[in-house]
Amino acid sequence: MDDGVAAVSIREETRSVCPYCGTGCGVIIEHDGERALAVRGDPTHPANFGALCTKGRTLAATMASHEGRLLKPLRRAARTVAPAAVSWDQALSEAAARFAHIIATHGPEACAFYVSGQLSTEDYYVVNKLAKGLIGTNHIDTNSRLCMASAVSGYKASLGQDSVPGCYEDLELADVILIAGANPAFAHPVLFRRIEAARARGGGPYVITVDPRRTATACASDLHIALTPGTDVALFHGIAHILMRDGRIDRAYVRAHTEGFEALRERLYDYPPNRVAALCGISVEDLERAAAVFGGARAVTSLWCQGLNQSHRGTDKNRALINLHLLTGQIGRPGAGPFSLTGQPNAMGGREVGGMPQLLPGHREVSNAADREEIARLWGVPALNPRPGLTAVPLFSALAEGRVKAIWIACTNPVVSLPETGLVQAALAAADYVVVQEAFYPTETTAFADLLLPAATFGERSAVVTNSERRLSLMGQALPPAGQSRPDWQIFRDFAWALGVAQDALGGPRLPGESHAARARRLFAYEAPRAVFEEYRATTKGRDLDITGLSWEHLAAGGGQWPYPEGAQAGHKRLYCDGIFATPDGRARLAAMPHEPLAEPLSASYPWHLTTGRLRDQWHTMSRTGRVAGLFAHSPEATLSLNPDDAARLGLADGDLVTVTGRRGALTVPAHPDADVPVATVFLPMHFGARFSAHGAPNVLTEAAARDPVSQQPELKHVAVALSKASLPWRGRVVRRLEPGLWEAAQGLLPELEYGALYRQESLFGEALVLRFARATRPPDLWIKRLHEMFALDAGEVVGYEDSRGIVKRILIRDERLWGIAVFGDDATGPWLGDLLVTGTAVGAWRHQLVAPVVPLTAIPAPGRLICQCRGVSEQTIRDCREAGAKTVAAVGQVCGAGTECGSCRPEIAALLCA
């Protein structure tokens, strides 16, 4: 400045909501109006009271730069060429012309939308109105189909409506918590902290965990029931049988408030303890204990997630668990109720506004004529299509078959997340036209897009979301949208306007009384997200989720739980407190379904159960979390966990490569013997797509046809597989300090590899990339030279080595520190060299040993896997604390600080202390 006074950035604060799971944690973004400076938990928000998990704590790192963001519209002239930048007007005009032509030629149902539980309520509402009200297609589904659909169908069938009956407070008021098919210690850490805190205060809940693996949640539980995959219905029926046998049924509640007891009682006779124990692979004693604890409890809350939902019998599993609450009257009172955990920040909001093929706003149904007429009147359109649209998997099948011609994908990555990856890729390749609307670029799905539209994301827009306990909150806008990106609702609005113009230009049938363009402008006359929210709010009047009492100002002040009707002073914490349910006669429905076997049972050819799930520090397909080096430290790559006895039989040591083969595909990843995994079962994380793993994505194995008949949710949680030790002896590793273009170059290399893993690592001088790979034979010299050039391993002092065995090593040194390493043919010293690079160790003492065949005896061992991300504490450090006498999690925290900040690592620390 001319007067010599330094410019001072003004630090502002904006309240928002974490964009990850459905807990809906309040956050405060500290910023200067242009840059995010920090993100911390909001101590006033009732979902988390200031607590955040590792992912939430690192949100500011995802906002630090525009690296990996889609910043302008891109268009491909052909599928085989790279996309080029175009203006927004060009992009929307082209999309509108293509959709208008397809509608005119093939009809509205040749168009489809596939959206996301990460969209806001306003985004969902506008795209739903665009599809059903303007175009006339009900082919709009969401990735919530993959996580919550069976919970929805279970609630609707048993309780009459898609309504979670409890609230987070119940986690502290229950004296028993049953966790089934969920690992909240990893997937919903803030909620698990509340359970831990209640237990620490004394008299807290007794926790039962039902899971084939001994997860971090199971380790922290009082009783772990390690059932055989797919036997949940039999287990719940077995508990109900014992409750009935022992007189633990609340018969007065059953008589007054339920239907179907006689049929269920007849069914339960078929599930005595001995049979259930044999079916589930558990002991009769554990089954009896679980039933006794559940039946003797004052208040029971059940929590579940994908372990029940992602099944070809997911609805049955949900209903069998809800049965236990109805039989004992454990619903509609403090501490009691069946509570499904939501995986995305607005999966519930998407259902509320009707963003699925069978739904309309306000929990209305496409198949209900009165509901259609009411929404058509509110929207100002003559009528709505009465045929429910296609759900996710059939939608992509229709795309492959040519029945659907154009698809618009928003804020999701179906090439990684849908079952049978090959079928999804074939469907997108066969489509006439693919639009991908996304904040991040590239993703595995953007490779198939004809048109790419940049969307604003967390911190760049104002938006409403609904969390797992029915609480609506406002995500505040702190920063301007990155580059040319726009909020999703605005992109949908602008496309609607352009589509109207394009339909008029075609000169087809005219609308009575107005042009297509005029109708589009009338239906989508929104200037701000508040206007969208207020229109949606009006659709809820008199409905079970009535929010007519929630204004935009209420949301900005902290929001509330629905129902929140006009005139109310607060929302409802719990539902069904009067025992009146959302069915025609007000009675809940008990379900008497049988246990059904897995969609894909084990066989002599495929003798292992493969289960999938989430890691603690990653989320979904890593479009956001994969940009943060610190979040790789806990689990840097896809590994297959298997029982040590199985590993020994296969000759697999920790880190050996194993090929996993199923009926539809195969993958190769490192093996990790783990006593917490039962014999004949293996576990693979679901996050790592082709941008991070050459062949590690589990959905190349899963089956698209294995779907729940009611919810249409696919069985992503289980597939039968065979295992074999991979013969890929030629190993290599590249570690390189990140510079512009290197990460993208490494991602482009992955498809060439028989095994490959790419991840980020924090280092003293910024981030580094790590690329690990293996091949069956030594590659040509030109390939090795290409890697040296790709990673600029000649840009400084170089120490090199090559021998007749084909081993090649190249070390790049700058300022007496390692800047890059590449080892080919033998990776024995790779981890040590990588540690020297990331720690910024001066190479003087090691210069003559950098290309040695073994790690020097005097080298300090690498610290190993990180357990506490907040304080940088490794697994070995925690083991050392244990050996030094620390016997509790609190004692470990006093010694090394682990577990004293966000607390996400506390269950793992507890498990290490008990090992």
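## Questions at the model

Visitor: What span should the 14 residues of helix H10 cover, and how far apart are its end C-alpha atoms?
Guide: This is a predicted model. Helix H10 runs over residues 232-245, and at 1.5 Å a residue its 14 residues should span 20 Å. The distance between its end C-alpha atoms agrees with that: 20 Å.

Visitor: How many of the residues of H10 are buried?
Guide: H10 is largely enclosed by the rest of the structure.

Visitor: Which residues of strand E17 lie on each side, and are they buried or exposed?
Guide: In a regular strand, side chains alternate between the two faces of the sheet. In E17, Tyr433, Val435 and Gln437 take one side, and Val434, Val436 and Glu438 take the other. Both faces are covered, and these residues are all buried.

Visitor: In what sense do strands E32 and E33 pair, and which residue of E33 is the bridge partner of Tyr801?
Guide: Strand E32 covers residues 797-802 and strand E33 covers residues 808-814. The two pair in the antiparallel sense over 6 bridges. The partner of Tyr801 in E33 is Lys809.

Visitor: Which residue in the hairpin of E32 and E33 takes a positive phi?
Guide: The hairpin has 5 residues between the strands. The positive phi is near 95 degrees, and it belongs to Gly806.

Visitor: Is Ser150 buried or exposed?
Guide: Ser150 sits in helix H5 (residues 149-159). Its relative accessible area is 0%. Buried means under 20%, so Ser150 is buried.

Visitor: What distance separates the C-alpha atoms of Ser150 and Asn318?
Guide: Leaving out residues up to four places away in sequence, Ser150 touches Asn309, Gly314, Thr315, Asn318, Asp708, Ser711 and Gln713. Ser150 and Asn318 are 168 residues apart along the chain. Their C-alpha atoms are separated by 7.1 Å.

Visitor: Where does Glu469 lie, and which residues is it in contact with beyond its neighbours within four places in sequence?
Guide: Glu469 lies in the loop between strand E19 (463-466) and strand E20 (471-475). It counts as buried, because its relative accessibility is 3%. Its contacts, sequence neighbours within four places aside, are Gly166, Cys167, Tyr168, Phe339 and Gln561.

Visitor: Which residues lie nearest the centre of the second largest cavity?
Guide: The lining has 13 residues. They divide into 9 nonpolar, 3 polar and 1 charged. Helix H1 (54-57) and helix H8 (189-200) each supply at least two residues of this lining. Nearest the centre are Cys18, Tyr20, Cys21, Cys25 and Cys53.

Technical notes: Residues are numbered from 1 along each chain as its sequence is written. This is a predicted model: local features need pLDDT of at least 70, side-chain atom pairs count only at pLDDT 80 or more; totals for chains, interfaces and linings use all residues. Side-chain values use heavy atoms; hydrogens and water are left out. Buried means under 20% relative accessible area, exposed over 50%, partly exposed in between (1.4 Å probe, protein chains only). Contact means heavy atoms within 4.5 Å. Two strands pair if DSSP finds at least two bridges between them. The expected span of a helix is 1.5 Å times one less than its number of residues. On a 1 Å grid over the protein atoms alone, a cavity is a set of points where a 1.4 Å probe fits but cannot get out, and a pocket is an open set with protein on both sides within 12 Å along at least five of seven lines; lining residues have an atom within 4 Å of a point. Ala, Val, Leu, Ile, Met, Phe, Trp, Tyr, Cys and Pro count as nonpolar, Asp, Glu, Lys and Arg as charged, and the others, Gly among them, as polar.
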